[in-house]
Amino acid sequence: MHKLGQGLAPEQALAPSAATPPSAGNAAGNHESPQLREPLSAPMSFHLRVPATSANLGPGYDSMGLALGLFDEITVHAAPRRGAQAQVQITVEGEGSETLPRDASHLVVTLVEKILNAKGFSLPDLEVRAVNNIPHSRGLGSSAAAVASAVMTADTLLPEGLSEDEKLQIGSRIEGHPDNYVPALRGGVAISWQDAPNALSSGSEVRRSTLDTGDGAFRTAPLLPHPRLRTVVAVPNFEQSTQVARDLLPAQIDHSAAAQNSARAALLVHALTSAPELLLDATEDALHQQQRRPAFPGSMALVDGLRAAGFAAVISGAGPSVLVLADSDAQASAAAQRISALGGPDAQGHVFTPSILPIAGSGVTVEAHQR
């Protein structure tokens, strides 16, 4: 069993139906089933733009998130294979330019191939140029952005594309929870959840998905953010492992803490959509932030200082970035100024840099173009 919050391996997330040809390969260059078909009849080029995201928003643990106006940009040139194996070339600028792979082991390409294989198609030749602006390992959804980019790349390459539900299920299963992935895919603010296994009838739309594994299907509902809602992100100059933060979570919590958190999560929906003046109360969390304080003490100190000053500050995702939900432009500007005053450098040289970012109304977009 995977740990809390970890996603399925792509092979599990993309388990094909009996009608889908199996694939023996799982990375470009591996030997594949001869049943796999070429997805392209001619070269094609397209550009993807995918937003950063912030998940949890305080008490909405693993279920609430929003898209931010900070984007990774990916340009893809695809062509029918010229040989038995797909030729893959990748260039990376910005975040990860010194560490990310330049071949078919790159996460986006690996996931694209697995999705294509699950649908009975091989990976075409690819040239990929990624300009990464979303900070890595900072709690701003860089992984979810990569998964959303892969899903939409596969959707573009497949002759019949993917259904909207397949896009939702594939990425949510790989991520393990949809709070970051859904805003990256669709934009805006969203509540997402997972049905109990086998809770749906066999005739329902999600159970008909050719990529359905039999686990509970992921579902989502968009929220319409209040016009006054603003977001401020404090991005630190250090990284944080998501898994380290998750490993600090207890296996059980008190019933009183659960009751407190459910009340605040319900209030958060109201505050985000109708009453942003209640954001400070609505962002009180009882499930994860205090429990994970040892993983990011500097981030929690900043959250403490901001909340003491009346700002609705929370840990962004698994940290270490901090998110402030503000109810006006003036409050957002004041929060950014307070972050600059409180955000270091500390004894370890840690500094938090504020950015006022809009909520991105669109998730990952794809624009075809001439090469």
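This note goes through the fold, the cores, a cavity and some backbone details of a predicted model.

1. **Basis.** The model is predicted: local features need pLDDT of at least 70, side-chain atom pairs count only at pLDDT 80 or more, and totals for chains, interfaces and linings use all residues. Residues are numbered from 1 along each chain as its sequence is written, and side-chain values use heavy atoms, with hydrogens and water left out.

2. **Overall make-up.** The protein chain has 10 helices and 11 strands. Both are DSSP runs, numbered from the N terminus: helices are H or I, at least four residues, and strands are E, at least two. Buried residues account for 53% of the 371 residues. Buried means under 20% relative accessible area, exposed over 50%, and partly exposed in between (1.4 Å probe, protein chains only). The accessible surface comes to about 15800 Å², and 52% of that belongs to carbon and sulfur atoms. These areas come from the Shrake-Rupley method with a 1.4 Å probe; for residues, only the protein chains shown count as cover.

3. **Contact range.** Take the contacts between residues at least 6 apart in sequence: 76% of them join residues at least 24 apart. Contact means heavy atoms within 4.5 Å.

4. **Largest core.** The largest nonpolar core holds 62 residues. Such a core is a set of buried Ala, Val, Leu, Ile, Met, Phe, Trp, Tyr and Cys residues joined through side-chain atoms within 4.5 Å. Leu116, Leu123, Leu126, Leu157, Leu272, Leu279 and Leu325 touch the most other members. Helix H3 (residues 142-157) gives the most to this core, with 10 residues. Apart from this core lies another, of 22 residues, among them Leu302, Phe311, Ile315 and Ala326.

5. **Leu325.** Residues up to four places away in sequence are not counted here. Leu325 then touches Leu66, Leu229, Arg230, Thr231, Leu272, Leu279, Thr283, Ala312 and Gln331. Leu272 and Leu279 are, with Leu325, among the core members that touch the most others.

6. **Pro124.** Pro124 sits in the loop between H2 and S4. Pro124 counts as buried because its relative accessibility is 0%. Beyond four places in sequence, Pro124 touches Glu38, Pro39, Leu40, Ala78, Ala79, Arg81, Ala86, Leu116 and Leu157. Pro124 and Gln87 are 37 residues apart in sequence, yet 7.6 Å apart in space, C-alpha to C-alpha.

7. **Cavities.** A search of the whole structure finds 2 cavities of 30 Å³ or more. On a 1 Å grid over the protein atoms alone, a cavity is a set of points where a 1.4 Å probe fits but cannot get out; lining residues have an atom within 4 Å of a point. Grid points are joined across faces, edges and corners, and a volume is the space filled by probe spheres set on the points. Ile74, Ile90, His106, Val108, Val109, Val128 and Ala130 line the largest cavity. Helix H2 (107-118) and strand S4 (125-132) are the elements that give two or more residues to this lining.

8. **Val128.** This lining residue lies in strand S4. Val128 has a relative accessible area of 12%, so it is buried. Leaving aside neighbours within four places in sequence, Val128 contacts Ile74, Thr75, Gln89, Ile90 and Thr91. The C-alpha atoms of Val128 and Ala78 are separated by 8.6 Å, with the two residues 50 apart along the chain.

9. **Cis peptide bonds.** Most residues other than glycine have a negative phi, and most peptide bonds are trans. A cis bond joins Gly319 and Pro320, with omega about 5 degrees. Pro320 is in the loop between strand S8 (312-315) and strand S9 (322-326). Another cis bond joins Gly344 and Pro345, with omega about 10 degrees. Pro345 is in the loop between helix H10 (329-342) and strand S10 (352-357).

10. **Ser299 and Pro320.** Ser299 is found in helix H9 (residues 297-308). At 0% relative accessibility, Ser299 is buried. A polar atom of the Ser299 side chain lies 2.6 Å from the backbone oxygen of Pro320. Not counting residues up to four places away, Ser299 touches Phe238, Ile315, Pro320, Val322 and Phe352.

11. **Positive phi.** Leu57, a residue other than glycine, has a positive phi near 55 degrees. Leu57 lies in the loop between strand S1 (44-55) and strand S2 (64-79), and is buried at 0% relative accessible area. Ser137 also has a positive phi, near 55 degrees. Ser137 is in the loop between S4 and H3 and is partly exposed, at 33% relative accessibility.

Technical notes:
Polar contact = N/O pair within 3.5 Å; in protein donor to acceptor, adjacent residues only side chain to side chain. 1 Å grid on protein atoms, 1.4 Å probe; cavity = no way out; pocket = protein on both sides within 12 Å on 5 of 7 lines; lining within 4 Å.
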